[in-house]
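Here is a short note for a colleague who is opening this model for the first time. Please keep the structure in view while reading the points.

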Amino acid sequence: MMKRNMLATVFALAFFLCLGVLSAQAEGLDAFTGKSGKIDIAGGTAHIPVMKEAAKRIMQKNPAIRITVAGGGSGVGVQKVGEGLVDIGNTGRALTPAEAAKYGLKSYAFAIDGVAVVLHPKNAVNALTHQQVQDIFAGKITNWRQLGGHDAAIHLYTRDEASGTREVFWEIMLKKGALAAGANVVASNGAMKTAIAGDPDGIGYVSIGHIDQTVKAPSLDGVHPSQENAKSGKYPVIRKLYMNTRGEPKGLVASFISYIQGPQGEAITAAHGFIPTK
Amino acid sequence: MAGLDANTGRGERIVTALLFGASAVCVLCVAAILGFLAWFCLPLLSWRELSVVLSWRWEPAGGSFGILPMAVGSLLLAGSALLLAWPLGLGLCLFVHGLGPRRLARPLLALVRLMTGVPTVVYGLVAAFLLVPFVRRALSGSGYCWLAAALMLALLALPTIVLVLDGQLRLVEPRLRLTAASLGLTRAQELLRLALPMSARGLRTAGVLGFSRALGDALLPLMISGNAAQLPHSPLDSLRTLTAHIALVVATDSQSAAYSSLFACGLLLFGVSYTVNLGLRRLGSAQGGGATGGMTRLPAGRWLEPLAVALAWLSAVAVPAALAVLLGYLVWRGAPTLGLSLIFGDTPPLDALLRGAPVFDGLWPACLGTLWLVFLSACIAVPLGVASGIHLAEYATGRAGRLAAFCVDLLAGVPSILMGLFGFALILLLRRSFWPQANTCLLLSALCLAMLVLPYLFSATRSCLEGLPRELRLACAALGLSRWQTVSRVLLPVAGQGVLGGVILAIGRVAEDTAVILLTGVVVGAGTPASLTDKFEALPFTIYYLAAEHQTPQELDLAFGAALALLCLTALLFGAARRLRSGMARRWESGRSFT
Amino acid sequence: MSETMKTDGDPVIEITDLHVAFDGRAVLRGVRLTVAAGGPTVLVGRSGTGKTTLLRAMNRLNECLPGCATRGSVRLRLGGEWRDVYAPGLRPEELRRRVGMVFQSPNPLPVSIGRNMTMPLELALRLPAAEWSGRAEQALREAGLWDEVRDRLNQPAAALSGGQQQRLCLARALACRPEFLLLDEPTASLDYKAARGVEDLLLELAEKYTLVVVSHSLNQARRLARRMHVLREGGQVEAVEPEALADKDRLLAFMDELM
C-alpha cells in the first residue's frame, strides 16, 4: 500500500514537473507562433548540440518553420554567413576586426566555454602544468612516463584550421607556440572526444561543454577545468560562443537569437554544459 | 509506304540532334570544371605564390601553404593500397577462374559484386571502431595511420580490380580452354601461361582503375588516416591526403591564400589521376591493340603454379574473412537498434509517412534525402549519360567524337571531393555575379552527383554498344531499318544488361557518396526535404557525423543502425535494378504476340 | 507489284565506273556491270576480288562500315524507273528495304523467330500490326520454313539449325517484298543437303525477283546461274557467254583459266 502511494506521488510529481517544463517552453516559443520560413545555421561544432535542441523545440511547435543545422568549425561559420550561404554563422571565438569589417558581421554571444586538455579516463596523469601542455603539443615531451604516467608514446590530437577551439587553445594555452606536425587532425569537438575516448595514450583538447565520463580533463596548474572555474576566471583558457549574422538580424533570425539568449535558450545552454552569458 | 525520295525522316534528325546535344553537355561540364579549377588557380600563377604552395610546410597561421606533404601522402596511400589490392584481386580472379573449386566461383563473384555496393562511409565507420583500435593495440601509435587507411582503401579498390580482370579473362579464356586442354595443359598452366599473358591490358587497366579509386576517395582517409599534414616516416604515422585536405580546409575564408591553394590541390589531384589514365592508354596502344595485344612473359620457373595457387587461396580466404569481420561487426552493433524508432525517432510512423509530421532523432529525413538525391541525379545523369554513350558509339565520327570521348575520360578522372569543391565554388560565383539568392541545396548536390556518375553511364552504354558484333548492324541495315531504329529496337535491348549495369553502379555511387554532398548542402538537421532549394540530410553524411560527434553511446548505436540501413538501402536499389533488368530482357526476347 | 515486273533479260542494274575504298585501300576500281532482270545472276571470282563489296554497293551497305568511300554510279530500276542509288535525296533505308539481302552466315536477330519476321515489317515498312502475321506466314511458306517453325514462333531464332536460320533470313528478306534479292554466298555455312534446299528455293524465287548471287563453288554456280559474271582482281568484270554455261567441260576450262 505504502509502495503504491509512493509510486503515485512520484508519478504525480513527475507529471507536474513535465507540465511545468512544457508550459515554460511554450512561453519562450511564443515569438514563433504563426511564423514561417527557414533559418540555416552552420559553423562552430561546440554549438551544435544547443542549436539542434533549440531547433527541435521550435520546429515541433511550429511545423511551418524549418531550421537546418550544420557544423564545419568557426571558420566555416564566418565564411558561410559572410558569403550569405547561411543566416547564422557560429564561432567559438570572437571575430577578428577584419572579419567583422569585411562582411559587416554582428556577433551575439550566448555562452561562456572553456577549452580543456582531455585524456583517456584510464590515463594515470591527473594534473598538468601550463608548460607541460606546451611541451607536449610542441612534441618535446613524447612519453607519458615523463609526466609520471605509464610507459607509452603520447598520441597527439589537434583540430583543423577552421576550428575556433584550436585558435583559442593555440593562443591562450600554447601562447602561439609550435604545434607538432605529426599530430592527428580531427574535424570537430565531438570527433576529438570520440578519438580520445578510444585512445588510452591520446591527448587532445575540447570545449568543456563536451566533456563527459568518456574522457577526463586533468587539472591545469592545479585548477580543475570546469565551467564554474571558467566563469570565475580561475581557469584561463576560455572563450565565448557566438552567433553571427550579416548586418542586423531580422524576422525569424532575430527571434531565434533572442530565444537562444532568453530563459529557454539559457536552460538548453546550461543543460549542454555551457555557462549562459547574461 | 515512305517514298524513296523523302529525305532522312524528321524524327531521325531530331533524335540525332538530341544525342549530339547530350554529348555537347558532357563536353561543357568538363570545360566548366576545368575552367573553374584554372580560374581559381590563377592567383597562384606567380613564382612567389607558386613557391609558397609548392613547399613542404602547411601552417596557415604562420603563412605556410605548402601542399606537397599532402600530394606525397596521396600518392603513398593510393600506391600502397594498390600494392595490397592488386595481388589480392588477381588471386581472387585466378581462384574464380579455375584455381579453386568451381562450386565456390559463383558465390565469390557475387560477394565481390556485393562489395561494390558497400558504402565507403560504412567501411569508414567500422574501421574507425574496429580496425583503428586493433592497430593501436597490436602495433603502436594512435591507430589513425597510413596502414589502417591503406588496408581499408585496398578493400575499397578490390572489387574494381576483380571485376575488370574477370571481364578480361572471360573474353580471353573460353577461346583457350579446349585448345589448352587438348594439349594436356593443366588449368593452372593454361591460366598462367596463356590466359594471363594475353590479358596484359586487363591487368594494367585493373591496376589503374584501382589506383584512381584509392586516390580519389576522400572519406576513408579523412576518417582514419589521422590527417596530420606531414610526411609519414612509417606506416604507423598519420598522413593527410589531398582529398582529405580539401575537405578540411574548404571552410576557410574564400578570399584567402589557403582557399586558392585548395584549387591547386584539386588541379594536382586531377593531373595525377589523368596522367595515370593517359599513361595507361599510351601503354596500351604502344603494345598493339586488341585483347591479345601485348603478351607479357611470366617467369618460366616451376614454382609459379604453386605460388599462384597459394595466392589464389590466400585471397579467397582473406577477402571474404575481412568482409565478414567488418559486416559482422556492423550487424552486431547495428542490428539491436533496428526498428521503427531508428527510422522515425519518437514520432508515430504513420504520422510521418502520411501527414509528413517532422521526425527528430530518427533517420527518416536522412533516408528521404538520400532517396531524393538518387532520384534527382538519376533523372539528370541517366538520359544524359546513355544518350551521349549512344551518340559516341553509333553517330559521332572523327574529331567531334574523339573530343567528347576525351572529355568524358577527363570527367571520370575527377575525384568526388573535387566535384563538391566545384559545386561550392560555383555557388559562390553565382552569388557574386547574377544570382545572389543561389545557395547550396539539394538540387546542387544532385547536379554535382550526376556529373560524378555521368562517366559510369556513358562508358557502360558506349562499351556495350561497341561490343556488339558488326553483323548485327549490317543485318538491320540490310532490312531497311533506320539508324535510330537499329539502335533503339535491336542494339539497345541487346546491350540493355550492360547499360543497366551502369545505371546500377551509378545509383549505388550516388546513394553512398559523402564527399560531394559534404560541400554542397548536406546538414546535420534539416527535417524532411521540402523543396529542391533546401538544405537536406542524407544517410551517408548522418553516419559520418554520428561516428565522429555522437554525444552518447546511444547516438553511436544510431550510427551503426544508420550504416546498416544504408547498406540495406543500396542492396535494395541493386536488387530492384537487377529485377528490372531480367524483366526487360524477358519481355523483349519473346517479342509481341505473333499468331 | 505488276508494274514492276520486268520481262526476263531487260537490264535492271547498271553499274559504271564504281570505285570503293576502305580507309584509302581500294577494293573496287572502276567496275562496270550490267545485270538483267530475273536471273539468278551469279558473280564468281577469287577471294579478295571484292565480290561482297560489289554486292553491298548495290544496297549501299558499305556505308555502314567505317572508312568507306564510294565513287561512281550504281543505277537500279526501282518501281519501273531508273534511279541513281547514290543520289543525295535517296533514303538508304527505303532502298535497302526494296533490295533485300541474305548474308554469308545466317544472321538472325537475337530475338524470337516470329519477332525476326515482324520487326522489319513494323519498323521499316510501318505496316499495321494486323498485317504482320499474314505477311510473315506467306514469306515463311515461300522460304519453305513454315511447317518447321509454325509451332515455335516464340522460341529464340538462335535455336534453329544453320539451314533453318538461313531460310529464316531469306524469309525475313522476302517478307518486305523486295524487287531485288542480293545473296552473298548464301550456302557457304550450310551442309550439302541444306545447301541444295536453298538453291532449289532460289531458282523458284528467280521467277519473281531479280537475284544476284555471289558464289564460290563452281558446281553451285553451274546449277544456279542463268547468267554469270567473273570478277577479276582490279575490278574488271567479264561476262561468261551463255553457251559456255550450258557446256560443263567448256565452263570448267574457262573457270580454270580465269580463277
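How many salt bridges are counted between chain B and chain A? The count is five, where a salt bridge is a side-chain nitrogen of Lys or Arg within 4 Å of a carboxyl oxygen of Asp or Glu.

1. Ground rules. This is a predicted model: local features need pLDDT of at least 70, side-chain atom pairs count only at pLDDT 80 or more, and totals for chains, interfaces and linings use all residues. Residues are numbered from 1 along each chain as its sequence is written, chains are lettered from A and ligands numbered from 1 in the order in which they are written, and side-chain values use heavy atoms, with hydrogens and water left out.

2. Which chains touch. Contact means heavy atoms within 4.5 Å. Two pairs of chains touch, and the pair with the most contacts is A and B. Chain A and chain C share no contact. Their closest C-alpha atoms are 53 Å apart.

3. The interface of A and B. On the chain B side, 52 residues are in contact with 49 residues of chain A. The two chains bury about 3800 Å² between them, with 50% of it on carbon and sulfur atoms. Buried area here is the accessible area (1.4 Å probe) that two parts lose on being put together, summed over both. One salt bridge joins the side chains of K535(B) and D40(A), at 3.2 Å from N to O. The helices α5 (120–138), α10, α17 (416–432) and α22 (539–549) of chain B each supply at least two residues of the side that touches chain A. Of that side, α17(B) gives the most, with five residues. Helices (H or I, at least four residues) and strands (E, at least two) are DSSP runs, numbered from the N terminus.

4. Is N184(A) buried or exposed? N184(A) is buried, because its relative accessible area is 4%; buried means under 20%, exposed over 50%, and partly exposed in between (1.4 Å probe, protein chains only). Its side chain makes a polar contact of 2.7 Å with the side chain of S142(B). Another polar contact, of 2.9 Å, joins the side chains of N184(A) and S238(B). A polar contact is a pair of N or O atoms within 3.5 Å; within protein, one must be able to donate a hydrogen and the other to accept it, and residues adjacent in sequence count only if both atoms are side-chain atoms. Beyond its neighbours within four places in sequence, N184(A) is in contact with residues including L156(A), Y157(A), Y144(B) and G226(B).

5. Chain A as a whole. Chain A has ten helices and eleven strands. Of its 278 residues, 58% count as buried. Among contacts in chain A between residues at least 6 apart in sequence, 76% join residues at least 24 apart.

6. Two backbone points to check. Most residues other than glycine have a negative phi. D221(A) has a positive phi near 50 degrees. D221(A) lies in the loop between β9 (219–220) and α8 (227–232) of chain A, and counts as partly exposed at 47% relative accessibility. N227(B) has a positive phi of about 65 degrees. N227(B) is in the loop between α9 (219–224) and α10 (242–249) of chain B, and counts as buried at 2% relative accessibility.
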